[in-house]
Amino acid sequence: MVIFNRQGERTGTLTADEGSVIEPKKSLKAHGNVIVRSETGLVLYADTLYYDPARDRVLSDGFVTMVSQQDSLSGYGFSAAPDLSDWEIRSPSGATRRRMEEK
């Protein structure tokens, strides 16, 4: 599935084993091997992912992993804008290739 923003610009792709649309709310639920790839290079892996149009947020209560070219961060609970910007992972742990500066 290709993801577009409100301006009609492509922001990423989503694949999953199963998905459903809840018509009255126009929300989306994807589950089973969920992978979201943003146009900025971020990749999100999750078991279940929801889109809440009222909040314009992508959400998960389960285990997720967010991967970029330099970082990998995992945790339980996730919230982000649909293009995977402005994201939050609760109970995080991960690794980075970024150089840490001492102060």
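**Figure 1. The hairpin of strands E6 and E7 in a predicted model.** Strands E6 and E7 are linked by a hairpin of 3 residues. Strands (E, at least two residues) and helices (H or I, at least four) are DSSP runs, numbered from the N terminus. E6 covers residues 57–67, and its antiparallel pairing with E7 (residues 71–80) extends over 8 bridges. Two strands are said to pair if DSSP finds at least two bridges between them. Within this pairing, Val58 stands opposite Ala80 of E7. The structure is a predicted model, in which local features need pLDDT of at least 70 and side-chain atom pairs count only at pLDDT 80 or more, while totals for chains, interfaces and linings use all residues. Residues are numbered from 1 along each chain as its sequence is written, and side-chain values use heavy atoms, with hydrogens and water left out.

**Figure 2. Ser60 in strand E6.** Ser60 belongs to strand E6. Ser60 is classed as buried because its relative accessibility is 1%; buried means under 20% relative accessible area, exposed over 50%, and partly exposed in between (1.4 Å probe, protein chains only). A polar atom of the Ser60 side chain lies 3.2 Å from the backbone nitrogen of Gly62. Apart from neighbours within four places in sequence, Ser60 is in contact (heavy atoms within 4.5 Å) with Thr48, Leu49, Gly77, Phe78 and Arg90.

**Figure 3. Strand E7 and its partners E8 and E9.** E7 pairs with strand E8 (residues 88–89) in the antiparallel sense over 2 bridges, and Phe78 faces Ile89 of E8 in this pairing. E7 is also joined to strand E9 (residues 93–96) by 4 bridges, again antiparallel. Here Ser72 stands opposite Ala95 of E9.

**Figure 4. Phe78 and the largest nonpolar core.** A nonpolar core is a set of buried Ala, Val, Leu, Ile, Met, Phe, Trp, Tyr and Cys residues joined through side-chain atoms within 4.5 Å. The largest such core has 16 residues, and Val36, Leu44, Leu49, Met66, Phe78 and Leu84 have the most contacts inside it. Strands E4 (27–38), E5 (43–52), E6 and E7 each give two or more residues to this core. Beyond neighbours within four places in sequence, Phe78 is in contact with residues including Leu44, Leu49, Val64, Met66, Leu84 and Trp87. Ser60 is also among the contacts of Phe78.

**Figure 5. Lys26 in the loop between strands E3 and E4.** Lys26 is located in the loop between E3 (18–22) and E4. These two strands form a hairpin with 4 residues between them, and Lys26 in the turn has a positive phi of about 60°. Lys26 is exposed because its relative accessible area is 60%. With residues up to four places away in sequence not counted, Lys26 touches Tyr51 and Pro53. The C-alpha atoms of Lys26 and Ala54 are 9.2 Å apart, although 28 residues separate the two along the chain.

**Figure 6. The antiparallel partners of strand E4.** E4 pairs with E3 in the antiparallel sense over 5 bridges, with Lys29 in E4 as the bridge partner of Ser20. Strand E2 (residues 10–15) pairs with E4 over 4 bridges, also antiparallel, and Gly12 stands opposite Ser38. E4 and E5 run antiparallel and are joined by 8 bridges; His31 has Thr48 in E5 as its bridge partner. The hairpin of E4 and E5 has 4 residues between the strands, and Gly41 takes a positive phi near 105° there.

Definitions and conventions. Polar contact = N/O pair within 3.5 Å; in protein donor to acceptor, adjacent residues only side chain to side chain.
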